[in-house]
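Please look over the sequence and the model before reading on.

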Amino acid sequence: MKITYWSDYACPYCYIAEARLEKAIKALGMEDKIEIEMKSFELDPTASKNVVSSTIERFARKYRMTEQMAAVQIEQISQLGRAEGIDFNYVSTQYTNTMDAHRLTKLAQSKENSILAAKVKKALYDAYFTKNMELSDRKTLLQIAIDAGMDLKEVEDLLDGEQYVEDVRRDERQAEQYGIHGVPFFIVGEKYSISGAQSEEGFIKTIKKVLEENSLSVTEQAASCGIDGCQIR
């Protein structure tokens with residue numbers, strides 16, 4: 001079975017959803033039977049490569065609320081992440097452009113090594129939401145790649161050029177064609193779609209439906225992030 005999903009490393013619900021999906025697959029004992037493919041979806045392709053505001057300031061401005069209210073909402077989202085076993089520090093994230101992070105992911109995926117690709121993805125999420133590093137920072141990306149076992153020269157060449165930019169854009173065009181306006185968005189077994197950070201039980205339910213070869217299509221709705229921001233629940 002294949003699960004394809006669109007995601008951005010600056011999306012809190014994407015990280016949370018990945019953790020829940022991983023738990024669901026493990027609960028079903030299907031670690032070796034499910035292929036997972038991440039596709040790129042930049043929440044803000046125009047984002048600066050430098051940090052220009054704090055997370056609280058950006059959140060408050062986007063949702064037209066006070067900084068105190070923004071802090072409360074950010075903490076609530078962080079608690080969802082911590083409930084999944086993630087040391088989630090959303091309030092102190094360093095928001096920057098994520099194109100190079102997506103390009104690094106594409107390079108890792110090109111090796112057709114699912115373990116390598118998973119290491120890179122998890123490290124990028126961890127760098128942003130736990131260690132609060134800038135994902136546009138060259139040193140950060142190089143260290144993530146080296147720690148995952150990638151070739152230093154190959155990654156340096158990647159960051160010095162434009163390799164995989166078109167691949168990222170192609171993913172985003174495909175998302176637009178599918179009517180995907182927020183992430184995470186999952187397609188399970190090429191039959192069912194899940195929009196947002198579904199619960200572990202929700203993922204299990206959908207995977208079981210595919211296994212049962214139910215021919216009906218269904219879209220489950222949950223919290224997600226779009227170009228206009230994340231849903232506040």
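The model shown is a predicted one. Asn132 sits in the loop between H5 and H6. Its phi is near 55°, a positive value in a residue other than glycine. Most residues other than glycine have a negative phi, and most peptide bonds are trans.

Glu112 also has a phi near 55°, and it too is not a glycine. This residue belongs to the loop between H4 and H5. Is Glu112 buried or exposed? Glu112 counts as exposed because its relative accessible area is 75%, and exposed means over 50%.

The peptide bond from Val183 to Pro184 is cis, with omega near 5°.

Now turn to helix H5. It covers residues 114-129, which makes 16 residues. From its first C-alpha to its last, H5 reaches 22 Å, close to the 22 Å expected at 1.5 Å a residue. The N-terminal end of H5 is capped by Asn113, where a side-chain oxygen lies 3.0 Å from the backbone nitrogen of Ile115.

Which residues of H5 are buried? They are Leu116, Ala117, Val120, Lys121, Leu124, Tyr125, Ala127, Tyr128 and Phe129. An α-helix has 3.6 residues a turn, so residues three or four places apart point the same way. The buried residues of H5 pack against several elements: the strands E1 (2-7) and E2 (35-40), and the helices H1 (12-27), H2 (55-63), H4 (99-110) and H6 (138-148).

Strand E1 contains Thr4. Thr4 counts as buried because its relative accessibility is 11%. Apart from neighbours within four places in sequence, Thr4 is in contact with Glu37, Lys39, Phe185, Phe186 and Ile187.

Finally, consider the protein as a whole. It has 9 helices and 8 strands. Of its 233 residues, 51% count as buried. Among contacts between residues at least 6 apart in sequence, 74% join residues at least 24 apart. The C-alpha atoms fill a box of roughly 50 × 45 × 35 Å, taken along the principal axes. A compact globule of 233 residues would have a radius of gyration near 17 Å, and the protein agrees with this because its own value is 17 Å. The protein exposes about 11,500 Å², of which carbon and sulfur atoms supply 47%.

Definitions and conventions:
Residues numbered from 1 in each chain as written. Predicted model: local features only at pLDDT ≥ 70, side-chain atom pairs only at ≥ 80, totals over all residues. Heavy atoms only, no water. Helix = DSSP H or I, 4+ residues; strand = E, 2+ residues; numbered from the N terminus. Expected span 1.5 Å × (residues − 1). Buried < 20%, exposed > 50% of the residue type's maximum accessible area, 1.4 Å probe, protein only. Contact = heavy atoms within 4.5 Å. Polar contact = N/O pair within 3.5 Å; in protein donor to acceptor, adjacent residues only side chain to side chain. Rg over C-alpha atoms; globule rule 2.2 N^0.38 Å. Areas by Shrake-Rupley, 256 points an atom, 1.4 Å probe, with all protein chains shown as cover.
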